[in-house]
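Thank you all for coming.

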Amino acid sequence: MNHNDTLIGKPLPKVDGLAKCFGTTKFADDLFLPRMVYGKILRAIHPHARILRVDTGKALARPGVLAAITRSDLSIKYGIMPTSQDETALAVDKVRHVGEAVAAVAALDEETAEAALEDIEVDYEVLPPIMSIEEALTAQVRIHEESKWGNAQKEVALEFGDPTAGFAQADYVREDSFFYEGSTHLPMEQHAVVADFSPDGKLTIWSSTQTPHYVHRALAKVLEIPMSHVRVIAPPVGGGFGGKSDPFPHEFCAAKLAMLTGRPVKITLTREEVFYCHRGRHPVKMWVKTGFRKDGAITAMHFRSFLDGGAYSSYGLASTYYTGALQTTTYQIPHYKFEGVRLFTNKPPCGPKRGHGTPQPRYALEVQLDKAAEALGLDPIEMRLGMLTPANSETINGLKVTTSGLRECIEKVRDRSGWSEKFHQLPPGRGIGFALSCYITGAGLPIYWNDMPHSSVQLKLDRSGGVAVFCGAIDIGQGSDSVLATVVAEELGIDPADIRLVTADTDLTPVDLGSYSSRVTLMMGNAAIEAAQKVRSLLFTVAAERLGCPEQDLSARGRKIFSRTDPERALSFAEAVQLAETHFGMLGAVGSYKPPKLAAPYKGSGVGPSPAYSFSACIAEVECDPTTGLVNPVKIWIAHDCGRAINPLLALGQVEGSVYMALGEVFMEEQVFRRGLHKIPSLLEYKSPTTLEVPEIETILVESLDSRGPYGAKEAGQGPLLPVPPAIANAVYDALGVRIDEIPITPDKVLKALVLKERGDSLRVSVPQFAFPAPIRWQPGEKEKRP
Amino acid sequence: MMRLPPFRYFAPATLPEAVKVLADYGPAAMVLAGGTDLLPNMKRRQFTPQALVSVQQLKELRGIRETENGSVIISAGITLHELAAHPLIVSRYPALAQAAALISTPQIRNTGTLGGNVCLDTRCNYYNQSYSWRKALGFCLKKDGDICWVAPGSAKCLAISSSDTAPVLVSLGATFLLVRQGSERLVPAVDFFRDDGINYLNKDPEELLTEVHLPPPQGTRSTYLKLRRRGSFDFPVLGVAAVLRIEPDGVCTAAKIVLGAAACKPRVADNAADMLIGQKVTQALITLVAQEAAKLAKPLDNTDFAYGYRKRMAEVFVRQALTKLAE
């Protein structure tokens, strides 16, 4: 028993690990309630059509069918962002993508429900579909007829400093265009929901969601029930990656069907339906113009992005800003202009996927820097080292960087990979490439405007020495339950196994905004520390008196509270709890966390600020076959500054998982639509890598302790994805001498690029013309300015 | 989840019982061996048979044996894993072992059978979709519709033969034993596959494929190369089976080149292979042969990878296969 013992930094197994290994974890689809019936959703078969008639008469007449609902039952609009509420649970006047929900039935069994969908008659007036960014910009037809800007959901133009002057100072200016293909999340668990409506008018839903609090708000709004009568429980979620962060039609439908039938209703989506829920990575076309000095330093940057948003807004407002926000947190950019536009198209809506809006611009930026380094005759790593955004600084667009372990990340991967012996020196067909990146640790602002905490934790101690921890956070596989148990156990000096977690239940747990934007460890962790320290102080008060030593001398470790100077003087944790309960009454405490005010004073500054930023650096080595165009990753070195790794095992898992997902995006995944339909909505045909396609990954954790994070922790769940695709692209160039300025990097593109290279040409990405609005101008130090 | 349609299930214990059920039901029955292709397709309503006849209990469908004349007889119910690992196959017909080992995943290879892979339904990404997806498009020629979406002018279904073992068995000169109630027949592999995405097998619904007969290799070498995006599991988007016999003096005296996943059936490139006969197998000759063989590959945009790329790879893969065998 040593008061220096700590759980922080120990590679402890996940608290929910064994249950998952044994298959006993109960996901939403594992729940069965007495008298439960099954719901199924009829989905649109046209990408764009007006609904003339929906008739459920025949379906209702089928034996075993209990209820059927259509647009008139669920017509209130909702949407994750308060300013873009453009979705309805069931399509009202139009369908805007194949797979959009049109009607739903509840029946005694799934077979009957499925058969009943065939009975529903829907008459459509088919409208011309818009399937690309270019079509959205030029088409006469509008997907959302009431929208302000044609098919543009959101237009952004921001200017920081004086880009014109910056470009004038450049020794070298280059312009490049890029395309980053869209992709979907592929969680192992398909979305599922069970809804139960009790005779007293209370609704309970169990749903595989990353954001129970936002689902709670949306259900109350759409179903017109007070929030206090709605309870949302998120059982353990089998992977989210951003794909379970919106309220979804199946949640509203199950709830409505439960209200109509008086019986619990379960809806489990098929894999194909998960492709239609989507909210995945936006396909983004980008144009970037950057001015450099001879030493590689950036003098100015102008970045444009065109996002293919799909049929609805979802998180699109934030996605659009994110494509322009974090360029400045890695490199010093003294003058910067960003223009972005998100277009509606007749495809499943895009939204947040691991890295939300930032892997696309990161690809463009890191590949362009590689090109610039070559043109300037600089080593791409040395060039970057000379222009990093320093720790404790403010960027030109008003983002405040606290700690940064980026330099160490770069040096670690450079040295471990043998970069200096390999770059430009590997045999033909073999190459090595470098890229780096930055990501947020939680968004500075909540989704809806309010000044309340972003995360809260409540503790209840009982006389046995057990501790119940209540928190709205939801473990989607990333390990937030383990972090929560570890943090509380650390503060109270007990074992994580002594802790009972009650999470993600809007009736029982205080609000946590959800598992998105890499916010949970920092925000929930800080809230948990506050709650645990409050209760520990009560325990120390009574222990000090009983042990006859000052409180400052006490330590809580190994299920004991003891004197540091005389460890023999000790109470068991349970004894201390009993004493404290005797003295104070029922023992509990709450803790909350709200990020500091971070946003700079200009319109649009809300996306990008974060309590702390994580940093990554990646080196990829590849082998390429010039006869087949096939590219095989040989090894990935990745260093990630996650602040303090509270549990290095979990942090490593997040980094490696990010690399897997990145390799899928860079080599395989394509959101292709033909005749308005997703070409391959199945796990067999929509390719993603398995263990066998993934090379050795050497992961290095860099721990820059950030005072804003619990024990110094920052994020690890999303950021490490970002540098991998551009590192691969740069490695392909080192191997074959061809630039692939778009992902996925497929063998046919590689062969095409080799043919073009023979002719002195290269693959090119086309970027459309667009008249962006006049920019909002701002620079650090300025008071609020509006156009 | 996706549910199976209703069906009657038969699990006969003997071959005569099995073929009797098949005779009774005719086209309304389907054979269930490993089920790895059949059951997912049933869930998506590509098939809605009235009856499934399981052949998993039939002893007649197990095992590999050698005959007195050196032929090898493989029972159709052998699993793909057993096939890939069998010493007789690995040593004498390496292309077949390679092809079997490249099919899908270990789990599927432990369940799926040789017979099932040979009879694998043709594939097309306008067809291998759920019922509601196909309905959204208005269905296609192969099932419930009247148009071929990959080539709307085509009167014929262009779904792709996607078996890995089929091109190899054709290249090896295999014959198939088909048993029906009261009779049986032997069909050469090359005649077993039809150039039609719908009626893609020369087999009546009443017939059960029970055995694959392989002639003695007679000094030939064989190999199989497969193109696909994901090495761990995928159907082929191109398969090249090649068989060569090269005499000690370096002269080629037997050659067979068969392309898989390039059409509705395995395409036999005899014009190309014949160029090798009586010749020394030089790299220059291989290049010409590969160009000739690739003429047979007419890929369409109905599976993974750009079809132009697949066409181009046919030549590359034939060249690589022949180079490997000529070494």
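Let me begin with chain B, which is divided into domain 1, covering 60-119 + 160-214, and domain 2, covering 221-326. Please keep in mind throughout that this is a predicted model. Taken over C-alpha atoms, the centres of domain 1 of chain B and domain 2 of chain B are separated by 20 Å, and the contact between them involves 26 residues of domain 1 of chain B and 24 residues of domain 2 of chain B. On the domain 1 side of that contact, the elements that give two or more residues are α5 (94-101) and α9 (165-171) of chain B, and of these α9(B) gives the most, with five residues. If we ask how the residues of that side of domain 1 of chain B divide by class, we find 14 nonpolar, eight polar and four charged.

Staying with chain B, there is an open sheet of five strands, in the order β4-β5-β8-β6-β7, with antiparallel pairing. Its edge strands, each of which pairs on one side only, are β4 (64-66) and β7 (183-188) of chain B, and from one strand to the next the twist averages 20 degrees.

Now to chain A, which is divided into domain 1 (17-24 + 452-593), domain 2 (31-127 + 188-239 + 244-277) and domain 3 (157-183 + 280-444 + 601-758). Between the centres of domain 1 of chain A and domain 3 of chain A, again taken over C-alpha atoms, the separation is 38 Å, and 16 residues of domain 1 of chain A are in contact with 19 residues of domain 3 of chain A. Which helices each supply at least two residues of the domain 1 side of this contact? They are α14 (480-492) and α15 (520-547) of chain A, with α15(A) giving the most, namely six residues. By class, that side of domain 1 of chain A holds six nonpolar residues, nine polar residues and one charged residue.

Setting aside neighbours within four places in sequence, A:Val488 is in contact with A:Leu459, A:Val467, A:Val469, A:Ile499, A:Ala528 and A:Ala532. As general background, nonpolar side chains in soluble globular proteins tend to be buried together.

Chain A also has an open sheet of seven strands with mixed pairing, in the order β31-β8-β13-β14-β15-β7-β32, and its edge strands, pairing on one side only, are β31 (742-743) and β32 (776-778) of chain A. Strand β8 (residues 172-180) of chain A runs parallel to β31(A) and is joined to it by two bridges, with A:Tyr180 placed opposite A:Ile743 in β31(A). Packed on this sheet is helix α9 (residues 316-325) of chain A, which touches β7 (152-160), β13 (284-292), β14 (298-308) and β15 (336-343) of chain A, and whose direction makes about 30 degrees with that of β7(A).

Why can we call α9(A) largely enclosed by the rest of the structure? Ten of the ten residues of α9(A) are buried, and therefore the description holds; among them are A:Leu317, A:Tyr321 and A:Tyr322. The cover over the buried residues of α9(A) includes the strands β7, β13, β14 and β15, together with α10 (359-376), of chain A.

Finally, the two chains together: 20 residues of chain B are in contact with 25 residues of chain A. On the chain B side, α8 (131-137) and α13 (307-326) of chain B each supply at least two residues, and the largest share, five residues, comes from α8(B). That side of chain B is made up of ten nonpolar, six polar and four charged residues.

Technical notes:
Residues are numbered from 1 along each chain as its sequence is written. Chains are lettered from A and ligands numbered from 1 in the order in which they are written. This is a predicted model: local features need pLDDT of at least 70, side-chain atom pairs count only at pLDDT 80 or more; totals for chains, interfaces and linings use all residues. Domain bounds come from an automatic or database domain assignment. Two residues are in contact if their C-beta atoms, placed from the backbone, lie within 7 Å. Helices (H or I, at least four residues) and strands (E, at least two) are DSSP runs, numbered from the N terminus. Ala, Val, Leu, Ile, Met, Phe, Trp, Tyr, Cys and Pro count as nonpolar, Asp, Glu, Lys and Arg as charged, and the others, Gly among them, as polar. Two strands pair if DSSP finds at least two bridges between them. Axes are lines fitted to C-alpha atoms, for helices over the stretch in contact, and angles run from 0 to 180 degrees between N-to-C directions. A residue is buried if 20 or more other C-beta atoms lie within 10 Å of its own, exposed if 12 or fewer, and partly exposed in between; C-beta atoms are placed from the backbone.
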